[in-house]
There are 2 protein chains.
Amino acid sequence: MTERDRTGPEADAFDLGAVFPALADRHRRSVMTELAADCGDSERGCNSFDLPVSKQTQTHHFRVLREAGLIDEIDYGNRKGIRLRRADVEKRFPALLALLKAEAAGGTAPR
Amino acid sequence: MTERDRTGPEADAFDLGAVFPALADRHRRSVMTELAADCGDSERGCNSFDLPVSKQTQTHHFRVLREAGLIDEIDYGNRKGIRLRRADVEKRFPALLALLKAEAAGGTAPR
DNA sequence: CTTTAGGTACGACTTGAGTCGTACCTGATC
DNA sequence: GATCAGGTACGACTCAAGTCGTACCTAAAG
């Protein structure tokens, strides 16, 4: 169960009860917006998102995103990689990523 | 501004920063799921949703949905009608309603 | 006019989520 | 081995959000 926890739930186990709360937070949504905009599923470092919170809080946010099934966290021990689960997300919620990209483009003033 | 407040924001003023938190709540999402499933934009009564909360709380939830631009509240004085803003929502978030319908169909166990 | 049902306004309570401080772990570098 | 940077675990704090109690408003029915 340890390895599976690191990679999040299966694609068919996605639950809107987890996805919507995950995307309700401003910081997590900004992470997903960035990931959605990067068309290559390139792996990114945790601190490449420039979140204005402490690293403990970042750990918390990335965990929420992982448990919602939106990202994978690749553990290198003293380093961590973040990768969008684009295929799974697109399969389950076809327009979700487009939605997030629209936010970045539309520029609706962030509260 | 009074009448506009009753009918929610314009379609182009939709903000994901309001939509996602609105749908993060279990009760509000169940309301939206029911509305999405009803293909005719029929007006529904407030208590036709059978929410397990007091009427004060229902007032609160419907307000949040209205302020997010997802529904209209028609005020009859001592009675109130709820109507999904299907056209506006579809225009801005094409697959959002399909997403909610999927939750009802997929039957992902509600927490 | 009185009563009644549905809805709202305001305020208070309570739970949950976001946040950080401290301590500890891991792997790389010296 | 010692040091250091990145990440995690645990706990505590704080604030927002969901909830309800009381009081008041509105329109319809008697």
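Modeller: Let us start with accessibility: a residue is buried under 20% relative accessible area, exposed over 50%, and partly exposed in between, with a 1.4 Å probe and protein chains only. This is a predicted model, in which local features need pLDDT of at least 70 and side-chain atom pairs count only at pLDDT 80 or more, while totals for chains, interfaces and linings use all residues. Residues are numbered from 1 along each chain as its sequence is written, chains are lettered from A and ligands numbered from 1 in the order in which they are written, and side-chain values use heavy atoms, with hydrogens and water left out.

Colleague: Is Asp50(B) buried or exposed?

Modeller: Asp50(B) has 69% relative accessibility and therefore counts as exposed. Its backbone also deserves attention, for Asp50(B) has a positive phi of about 60 degrees although it is not a glycine.

Colleague: Where does Asp50(B) lie?

Modeller: Helices (H or I, at least four residues) and strands (E, at least two) are DSSP runs, numbered from the N terminus. On that basis, Asp50(B) is found in the loop between β1 (44-45) and α4 (55-67) of chain B. In chain A, Asp50(A) lies in the loop between β1 and α4 (55-67). Asp50(A) has a positive phi of about 60 degrees, again without being a glycine, and it is exposed at a relative accessible area of 68%.

Colleague: How should I read the salt bridges, and how many does the structure hold over all chains?

Modeller: Side chains of opposite charge can pair when their charged atoms come close. The rule asks for a side-chain nitrogen of Lys or Arg within 4 Å of a carboxyl oxygen of Asp or Glu. Over all chains, the structure holds 10 salt bridges. One of them joins Arg44(A) and Glu34(A), whose closest N and O atoms are 3.0 Å apart.

Colleague: Which parts of chain A does the pair of Arg44(A) and Glu34(A) tie together?

Modeller: Arg44(A) belongs to strand β1 (residues 44-45) and Glu34(A) to helix α3 (residues 26-37), so the pair ties together parts that are 10 residues apart in sequence. Arg44(A) is buried, with a relative accessible area of 17%, whereas Glu34(A) is partly exposed at 29%.

Colleague: Which residue forms a salt bridge with Glu73(A)?

Modeller: The partner is Arg66(A), and the closest N and O atoms are 2.4 Å apart. Glu73(A) is buried at 7% relative accessibility, and Arg66(A) is buried at 10%. Salt bridges that share partners join Arg66(A), Glu73(A) and Lys80(A) into one network.

Colleague: What may be said of Glu73(B) in chain B?

Modeller: Glu73(B) lies in strand β2 (residues 71-75) of chain B and is buried, with a relative accessible area of 7%. Its side chain meets that of Lys80(B) in a salt bridge of 2.8 Å, N to O. A polar contact is a pair of N or O atoms within 3.5 Å; within protein, one must be able to donate a hydrogen and the other to accept it, and residues adjacent in sequence count only if both atoms are side-chain atoms. Such a contact, of 2.5 Å, joins the side chains of Glu73(B) and Arg66(B). Arg66(B) lies in helix α4 of chain B and counts as buried at 9% relative accessibility.

Colleague: How many residues of chain A are in contact with chain B?

Modeller: Contact means heavy atoms within 4.5 Å. By this criterion, 19 residues of chain A are in contact with 19 residues of chain B. Buried area is the accessible area (1.4 Å probe) that two parts lose on being put together, summed over both. Between chain A and chain B it is about 1,700 Å², of which carbon and sulfur atoms give 71%.

Colleague: Which elements of chain A each supply at least two residues of the side that touches chain B?

Modeller: They are α2 (16-24) and α6 (96-106) of chain A. The largest share, 6 residues, comes from α2(A).
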